[in-house]
Amino acid sequence: MKSIWHETKTLPKYSPLPGSIHTEAAIIGGGLAGILTAFYLTRSGIRTVILEARRIGSGQTGGTTAKITSQHNLIYQRLIRTFGENDARLYAAANQQAITEYARLIRSCSIDCGFKETSACLYTRTTGSLLNQEYRAASRLGIPARLSSETELPFPVKNALYFSNQAQFHPLKFLEAIARELTIYEDTPVISVKNHNRLLTPHGEVTARHIIFACHSPFLLWPGLYFARLYQSRNYMLALAGAPRLENTYLGINSDGYSFRTSGERLILGGKGCRTGSIPDNPYQALQNFVHKYYPNAKVSTRWSAQDCISLDGVPFIGRYSLLEPDWYVITGFGKWGMTSSMAAAQIITRMICKKSAPWDHIFTPQRLRLKASWKEALSHLSHSSKGLAAGLFSPDRRCPHMGCRLVWNPYENTWECPCHGSRFTQQGKILSGPAQTDLAEK
Ligand SMILES: Cc1cc2nc3c(=O)[nH]c(=O)nc-3n(C[C@H](O)[C@H](O)[C@H](O)COP(=O)(O)OP(=O)(O)OC[C@H]3O[C@@H](n4cnc5c(N)ncnc54)[C@H](O)[C@@H]3O)c2cc1C
């Protein structure tokens, strides 16, 4: 089924690449990260093209909940512990600045995209101490935060942490508006990169001085080794008609917590997050049971799922793709917080290409090594990947074309999923999302 965004916005169609071309910057991927980056590069006078494998907004941007917030779950206490207080403050500033820039851009270009200022709220129904700690961390960093036990949710909470000056919007209405002046080629997958600056597609080659990988999950194995530094996690969503409107956005911090926001007359309810390839027990039924209990008068109008890349230390990779390729850039690993992170990324990459910088750019560098912040996730990723690879050796008929891991069947989506790196395929073996780039081999 379609997401609420695809149901309510049909984006214009762009033609495929007409033949080989030369340009200053080529962006691989027309999601929010790629389109925003093209927008700022173009405004800085850099000739830029976007190469999109399918349609713009057809990736995870079309399945998001589109809360524009610097409240990235319980991130600040962790960042202070692992990156240090100064970098934690800069991370908050980068994301808060992204919210301000959305508001400025949407106002100055009169973009009609349902942009609404809200507070963002984390809640818990079990114990309040984690949110007390996050509140203290946020306050130390100068984030406008407050604790309360009051929410608009239909059940009592033990504790709730509000950040003010946050926002929400319709991601595809925004995308359509900023894409208008850009050069976009759809149905143009980049298959490989040759001689540092030649992008090969089925319709011709693009030669570019700067190459930006904004394709969600980088598909090259080398350089960069992003397959070893990222995993993907999936969530399931319902849009409900007939549920009360919410003024703020909400996210439960416990494993049984849900995400809530209103769009138009409908409530978006999301949850059941799981590493891609680890299938939760009937996630849509669990969401539906929740609706029966807490919103008995509401009706499900659509349902969908989406996934995002997560870096092992929890901070996105934005910057130089690899020291071996100084003119390649990467934007990935948003950890389900890609709205503010895409805005921050677009500005960081534009500054790098224009030889400028901001105080927070270094936090996101893909060349960082933050062992203290990443070792637990690294061990878990290694364990999942080695099990998937080993299983793949004995299952030649269901191997992922990316690295050979054994695919897992998701009966709730009718898809094959790679438990190692998160690629997805239809029942018939057609590629849905990467890092794999090709369909499954015929049996
Ligand atoms: C359930 C869910 C809820 C979320 N809610 C929020 C939220 O409330 N707030 C928030 O900040 N973030 C949220 N996120 C995260 C956010 O949606 C993502 O981080 C963001 O949309 C990612 O954008 P992107 O441009 O990087 O990727 P995408 O939108 O996936 O775009 C990548 C594009 O690259 C294209 N592509 C791939 N390979 C190639 C190739 N070889 N050649 C050419 N093109 C290629 C794809 O077709 C795709 O269109 C959520 C994520 C999920 C999963």
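Before the details, a word on the basis. The model is predicted, so local features are taken only at pLDDT of at least 70 and side-chain atom pairs only at pLDDT 80 or more, whereas totals for chains, interfaces and linings use all residues. Residues are numbered from 1 along each chain as its sequence is written, and side-chain values use heavy atoms, with hydrogens and water left out.

Let me begin with the sheet. Four strands make up an open, antiparallel sheet in the order E18-E19-E20-E21. Strands here are DSSP runs of E with at least two residues, helices are runs of H or I with at least four, and both are numbered from the N terminus; two strands pair if DSSP finds at least two bridges between them. Strand E18 (408-410) and strand E21 (431-433) each have a single partner strand and stand at the edges, so one side of each has no neighbour in the sheet. From one strand to the next, the twist averages 35°, the angles running from 0 to 180 degrees between N-to-C directions of axes, which are lines fitted to C-alpha atoms, for helices over the stretch in contact. Strand E20 (residues 424-426) pairs with E21 in the antiparallel sense over 2 bridges, and Arg424 has Ser433 in E21 as its bridge partner.

I turn now to the charged side chains. A salt bridge is counted when a side-chain nitrogen of Lys or Arg lies within 4 Å of a carboxyl oxygen of Asp or Glu. How many salt bridges does this rule give? The count is 19.

One of them joins Glu176 and Lys9, at 3.0 Å from N to O. Glu176 belongs to helix H6 (residues 171-179) and Lys9 to the loop between helix H1 (4-8) and strand E1 (21-28), so that distant parts of the chain, 167 residues apart, are linked. Both Glu176 and Lys9 are buried, where buried means under 20% relative accessible area, exposed over 50%, and partly exposed in between, with a 1.4 Å probe and protein chains only.

Asp187 and Lys13 form another salt bridge, with 2.9 Å between the closest N and O atoms. Asp187 is in the loop between strand E7 (183-185) and strand E8 (192-194), Lys13 in the loop between H1 and E1, and the two are 174 residues apart. Asp187 is partly exposed at 32% relative accessible area, while Lys13 is exposed at 52%. A network of salt bridges links Lys13, Arg55, Glu186 and Asp187.

In a further salt bridge, Asp313 and Arg368 meet at 2.6 Å, N to O. Asp313 is buried at 7% relative accessibility, and Arg368 is buried at 11%.

Finally, the cysteines. The structure holds 1 disulfide, defined as a pair of cysteine sulfur atoms within 2.5 Å. Which residues form the disulfide? Cys405 and Cys420 do, with their sulfur atoms 2.3 Å apart. The link is left-handed, with -110° about the S-S bond. Cys405 lies in the loop between H9 and E18, and Cys420 in the loop between strand E19 (415-417) and E20, so the pair ties together parts 15 residues apart in sequence. Cys405 and Cys420 are both buried.

By contrast, Cys215 is in no disulfide; its nearest cysteine sulfur, that of Cys309, is 8.9 Å away. Cys215 is partly exposed, with a relative accessible area of 23%.
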